[in-house]
Amino acid sequence: SGNRASVAIVVEGWGNREMDLFIAAAPADGKIEAFKRGALKPAAGDGGDTVMQTTAKLDLKPGRYHLRVAALREDTGARGSVLHDFDVPDFSTENLSISGLTFVDLRRGRTPTTRRTFAPSESIDVSAEVYWKRGLTQPVSVATTVANDRGEVVYRQEGLVNPNERPKLGVDVGGTINLDAWPPGGYRLAVDAQTTSGKALSAKRGLTFVVSAQ
């Protein structure tokens, strides 16, 4: 909205006891810009160690931020933290742009995941959003591709979007990719958007993932 972006934070961990969670983002001057408090909880009815997850959204202005995620076990006093630097683009100034890419874990109810290693028996779901500024009339081609570590494209899905037919200044992009029979190794997924006529505009986002041997 305007020049602010909604930044999704996904936190995962292993355990069997609830942990208090603190999420804060600060720009280079060190003053906290946004803060969320929550909890990591184990799955109901699971007595052993399990994946615990929580998500949060922070509204942030464009710029570079330092993210700190801290967890606390009140019963034992155990604590720890994760630090991560990231950039928030100014989507309001770009004629054509793409959000960050998100993997969805189909094994756990279509929840966003930080996992980047998947078994060949799994399917992965990727989601993103393509944005354009008001007044864009040229059709936009949106392609999702996956290339192996030799640069060979092993998956491609493409579609055409007409901004004139969309009430919103953007469109959701997503798809499910079946990894069955994919050789183990590293892969790069990319979402590419570009106008098909008139002024040449383009945007691209990508991330890497691994298909394990089993």
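Some ground rules. The model is predicted, and local features need pLDDT of at least 70, side-chain atom pairs count only at pLDDT 80 or more, while totals for chains, interfaces and linings use all residues. Residues are numbered from 1 along each chain as its sequence is written, and side-chain values use heavy atoms, with hydrogens and water left out.

Let me start with charge. Side chains of opposite charge can pair when their charged atoms come close. A salt bridge here is a side-chain nitrogen of Lys or Arg within 4 Å of a carboxyl oxygen of Asp or Glu. By that rule there are nine salt bridges.

Take Asp-87 and Arg-64, whose closest N and O atoms are 2.8 Å apart. Asp-87 sits in strand S6 (residues 79-88) and Arg-64 in strand S5 (residues 63-72), so this pair ties together parts that are 23 residues apart in sequence. A strand is a DSSP run of E, at least two residues, numbered from the N terminus.

How accessible is Arg-64? Its relative accessibility is 47%, so Arg-64 counts as partly exposed. For that scale, buried means under 20% relative accessible area, exposed over 50%, and partly exposed in between, with a 1.4 Å probe and protein chains only.

Next, Arg-156 and Glu-158 form a salt bridge, with 3.2 Å between the closest N and O atoms. Arg-156 is exposed at 52%, and Glu-158 is partly exposed at 49%. Within it, Arg-73 and Asp-75 meet at 2.8 Å, N to O. Asp-75 has a relative accessibility of 45%, so this residue is partly exposed.

Now the two single residues. Gly-186 belongs to strand S15 (residues 185-195) and is partly exposed at 28%. Along the chain Gly-186 and Glu-158 are 28 residues apart, and their C-alpha atoms are separated by 22 Å. What does Gly-186 touch, leaving aside neighbours within four places in sequence? Its contacts, meaning heavy atoms within 4.5 Å, are Ala-147, Asn-148, Asp-149, Phe-209 and Val-210.

Last, Ser-99. This residue is in the loop between strand S7 (96-98) and strand S8 (102-105). Is Ser-99 buried or exposed? Its relative accessible area is 11%, so Ser-99 is buried. Leaving aside neighbours within four places in sequence, Ser-99 is in contact with Phe-91, Ala-128, Glu-129, Tyr-131 and Arg-205.

Technical notes. Helix = DSSP H or I, 4+ residues; strand = E, 2+ residues; numbered from the N terminus.
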